[in-house]
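Here is a friendly walk through a protein model, taken one feature at a time. Keep the viewer open as you read.

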Amino acid sequence: MHDSTEAPDLHSYARALADELPGNWHSQYSDGRAELDQHGPAENVWDMNELAEALASDRVVHDAVLTRDDGTRLYVIPRPHSEEEFLVGAIAPDLPPHAFRGVREPDGIIVPDNPYQAAEDIVLELLPRYDKAAAQAQNNAARPPAAAGAETLVMAWSGRDLVVDRPVRREVVDVLLDLGFVNAEAPGQLTLPGDNPVVQAQTVQSAATTLRSHGLNIDVAVRHASPRTALGASAVVPPTPSSAPTARGR
């Protein structure tokens, strides 16, 4: 498994990147070798693409969070298996699960080790997607949930696969099986093989939409494992609602 301690100096890079981004940003660096944090910011990374895959599959021992004065947060890690690139993604705002229903994740981007160029890429690509998604989520949060008492179907990363406890209701199981989930080796679980992260993201979105179309009051949540929990073994933290970013119901 890749060990990101061999990657470029993340601490200095994050500080330089914060200085290059427009507005007032500050960086916070975390070294996983110091004190393990099982509920770190990675749990709410708003991504179902390459950054999510890296968090699920690689041993990330340090990360950085860039925070703007308005509360916008960006998550930064070295790109696995690269000494000249980083991965940057947005952290979802702290909103109830129903706020993320129907909102597409503003997936992160690969940036070079040049902070000036990275800041330009973030401003042109990532932040516009984040602003759009955050505005949609805020708008949803301002409205009461369409129906009270919604259940949440939580999917969790296990390596490259998505795993979910087998639902009690047969109709929910049938929806997941139709979308490509299969019986897992562990009793009482279903798994979505991680052959293609893009297909996985589409499947999560389809699961939320399909359950709603069947009249089922169920949100879908996908959670990312904290990179610091990955230091010990392959511990899995349930994702954020992406249908939330731990996936949030759509």
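## A loop residue to start with

Where is His 81 found? His 81 is in the loop between strand E3 (73-78) and E4; helices (H or I, at least four residues) and strands (E, at least two) are DSSP runs, numbered from the N terminus. His 81 has a positive phi of about 70 degrees although it is not a glycine. His 81 is also exposed, with a relative accessible area of 63%. Here buried means under 20% relative accessible area, exposed means over 50%, and partly exposed is in between (1.4 Å probe, protein chains only).

A word on the model itself: it is predicted, so local features need pLDDT of at least 70 and side-chain atom pairs count only at pLDDT 80 or more, while totals for chains, interfaces and linings use all residues. Residues are numbered from 1 along each chain as its sequence is written, and side-chain values use heavy atoms, with hydrogens and water left out.

## The five-stranded sheet

Five strands make an open sheet, in the order E1-E2-E3-E4-E5, with antiparallel pairing. At the edges are strand E1 (25-31) and strand E5 (109-112), each of which pairs on one side only. Neighbouring strands of this sheet are turned by 30 degrees against each other on average, direction ignored; the axes behind that angle are lines fitted to C-alpha atoms (for helices over the stretch in contact), and angles run from 0 to 180 degrees between N-to-C directions. Two strands count as paired if DSSP finds at least two bridges between them.

E1 and E2 are joined in the antiparallel sense by seven bridges, and Asp 31 stands opposite His 62 in E2. E2 and E3 pair over four bridges, again antiparallel, with Leu 74 in E3 as the bridge partner of Leu 66. These two strands form a hairpin with four residues between them, and Gly 71 in the turn has a positive phi of about 100 degrees. Strand E4 (residues 85-90) and E5 also have four antiparallel bridges; there, Val 88 stands opposite Ile 109 in E5.

How many residues of strand E2 (residues 62-68) are buried? The count is seven of its seven residues. Both faces are covered: His 62, Ala 64, Leu 66 and Arg 68 are buried on one side, and Asp 63, Val 65 and Thr 67 on the other.

Strand E6 (residues 151-158) pairs with strand E10 (residues 218-223) in the parallel sense over six bridges. In this pairing, Ala 156 stands opposite Arg 223 in E10.

E6 is also joined to strand E7 (residues 161-165), by four bridges and in the antiparallel sense. Ser 158 stands opposite Asp 161 in E7. E6 and E7 form a hairpin with two residues between them, and Gly 159 in the turn has a positive phi of about 65 degrees.

## Aromatic pairs

A search of the whole structure finds three aromatic pairs. Rings of Phe, Tyr and Trp (its six-membered ring) pair if their centres lie within 6.5 Å; planes under 30 degrees apart count as stacked, over 60 as edge-to-face and the rest as tilted. One of the pairs is Tyr 13 with Phe 86, which is stacked at 3.8 Å centre to centre with 5 degrees between the planes. This pair links distant parts of the chain, with Tyr 13 in helix H1 (residues 10-20) and Phe 86 in strand E4, 73 residues apart. Tyr 13 is buried at a relative accessible area of 5%, and Phe 86 is buried at 0%.

Trp 46 and Phe 100 form an edge-to-face pair, 5.3 Å centre to centre and with 80 degrees between the planes. That pair also links distant parts of the chain: Trp 46 is in the loop between E1 and helix H2 (50-57), and Phe 100 is in the loop between E4 and E5, 54 residues apart. Trp 46 counts as buried at 1% relative accessibility, and Phe 100 is buried with a relative accessible area of 1%. Trp 46, Phe 100 and Tyr 130 form one aromatic cluster.
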